[in-house]
Amino acid sequence: MTATTMTLYDCSTAPSPRRARIVLAEKGVRHATVQVDLRAGEQLGDAYRRINPQCTVPALVTDDGLVLTDNAAIAAYLEARFPEPPLFGNTPAEKAEIASWQWRVEFEGLLSIAEAMRNRSPALAERALPGPVNYAQIPALAERGLARLQRFVVDLDAHLAGRDFVAADRFSIADITAVVAVDFARIVKVQPGDEHANVKRWRAAMALRPAMSL
Ligand SMILES: N[C@@H](CCC(=O)N[C@@H](CS)C(=O)NCC(=O)O)C(=O)O
């Protein structure tokens, strides 16, 4: 474990902070955790707003005084500060392939789940997007999100045929993001089935990494 003190603003049930939790664990970075109660709306309260005006988790307050308010910043910072093990690849070609899949998993996977969930959950009426501004739900977006998500699982399955990792033939940030997306898809009742044997094989292999149980 690296001797340093950082604080992760987390929510144990939410997918976005899980991504940061896994990166911290894979890098072996010791940190404190503060739970933010999203169901109670704590992210919108004054105290948390002072830490992260975007009113989202994760946020990471580093030991050198930075406040990092999204996964992209957190992962980029941790990779630069703690290069081992590399999660963004080593060679230019690896970095490019990992960045490409990271984007695809975010855009086709995570955003589809968010569309499907946030545009139909009664608990999120007026909260169709995270952040300080309220937006009304658009039910058609929930339908589109579900269709996109189902397609994402099919495409991921085809991509993983003959592969052990999402990108560059090595464990990377793209695997972390994909695990979080595939697991959280259950919130809209999408789960890899027998027809997605490659996703299931890859997910079972990922489960051998202790960080993936966080
Ligand atoms: N860009 C952000 C998105 C974070 C995000 O959307 N977090 C959700 C939890 S998964 C959140 O804070 N939601 C608060 C809300 O719905 O009000 C990141 O990935 O770091």
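Modeller: Two strands pair if DSSP finds at least two bridges between them. Helices (H or I, at least four residues) and strands (E, at least two) are DSSP runs, numbered from the N terminus. This is a predicted model: local features need pLDDT of at least 70, side-chain atom pairs need 80 or more, and totals for chains, interfaces and linings use all residues. Residues are numbered from 1 along each chain as its sequence is written, and side-chain values use heavy atoms, without hydrogens or water.

Biologist: How many bridges join E1 to E2?

Modeller: Four bridges join them, and the two strands run parallel. To place this on residues, find Leu-8. Leu-8 stands opposite Thr-33 in E2.

Biologist: Now the rings. How many aromatic pairs does a search of the whole structure find?

Modeller: First the rule. Rings of Phe, Tyr and Trp (its six-membered ring) pair if their centres lie within 6.5 Å; planes under 30 degrees apart are stacked, over 60 edge-to-face, the rest tilted. The search of the whole structure gives two aromatic pairs. Take Tyr-9 and Tyr-48. Their ring centres are 5.8 Å apart and their planes meet at 50°, so this pair is tilted.

Biologist: Which parts of the chain does the pair link?

Modeller: Distant ones. Tyr-9 belongs to strand E1 (residues 7–10) and Tyr-48 to helix H2 (residues 46–51).

Biologist: Is Tyr-9 buried or exposed?

Modeller: Buried means under 20% relative accessible area, exposed over 50%, partly exposed in between (1.4 Å probe, protein chains only). Tyr-9 has 14% relative accessibility, so it counts as buried. Tyr-48, at 4%, is buried too.

Biologist: What of Trp-103 and Phe-107?

Modeller: This pair is stacked, because the planes are at 15° with the ring centres 5.1 Å apart. Trp-103 and Phe-107 are four residues apart in helix H4 (residues 92–118), so about one helical turn separates them. Phe-107 is partly exposed, at 38% relative accessibility.

Biologist: On to the ligand. How many residues surround it?

Modeller: A residue is near a molecule if one of its heavy atoms lies within 4 Å of it. Here 15 residues surround the ligand. The closest are Gln-43, Val-57, Asn-71, Arg-118 and Arg-127.

Biologist: How far from an oxygen atom of the ligand is a polar side-chain atom of Gln-43?

Modeller: A polar contact is a pair of N or O atoms within 3.5 Å. For Gln-43, the distance from a polar side-chain atom to a ligand oxygen is 2.7 Å. For Arg-118 it is 2.8 Å. Arg-127 brings a side-chain N or O atom to 2.7 Å from an oxygen atom of the ligand. On its own the ligand has 510 Å² of accessible area (Shrake-Rupley, 1.4 Å probe). The protein covers 80% of that area.

Biologist: Where is Asn-71 found?

Modeller: Asn-71 is in helix H3. Its relative accessible area is 12%, so Asn-71 is buried. For scale, compare Asn-71 with Gln-150. They are 79 residues apart in sequence and 24 Å apart in space, C-alpha to C-alpha.

Biologist: Backbone next. What is omega for the peptide bond from Val-57 to Pro-58?

Modeller: Omega is near 10°, and the bond is cis. Pro-58 sits in the loop between H2 and strand E3 (59–61). Val-57 is also among the closest residues to the ligand. Another cis peptide bond joins Glu-84 to Pro-85, with omega about -10°. Pro-85 is in the loop between helix H3 (71–81) and H4.

Biologist: What is phi of Glu-126?

Modeller: Near 70°, a positive value in a residue other than glycine. Glu-126 lies between H4 and helix H5 (139–160), in the loop. With a relative accessible area of 46%, Glu-126 is partly exposed. Ala-168 also has a positive phi, near 60°. Find Ala-168 in the loop between H5 and helix H6 (173–184). Ala-168 counts as buried, at 14% relative accessibility.

How values were computed: Polar contact = N/O pair within 3.5 Å; in protein donor to acceptor, adjacent residues only side chain to side chain.
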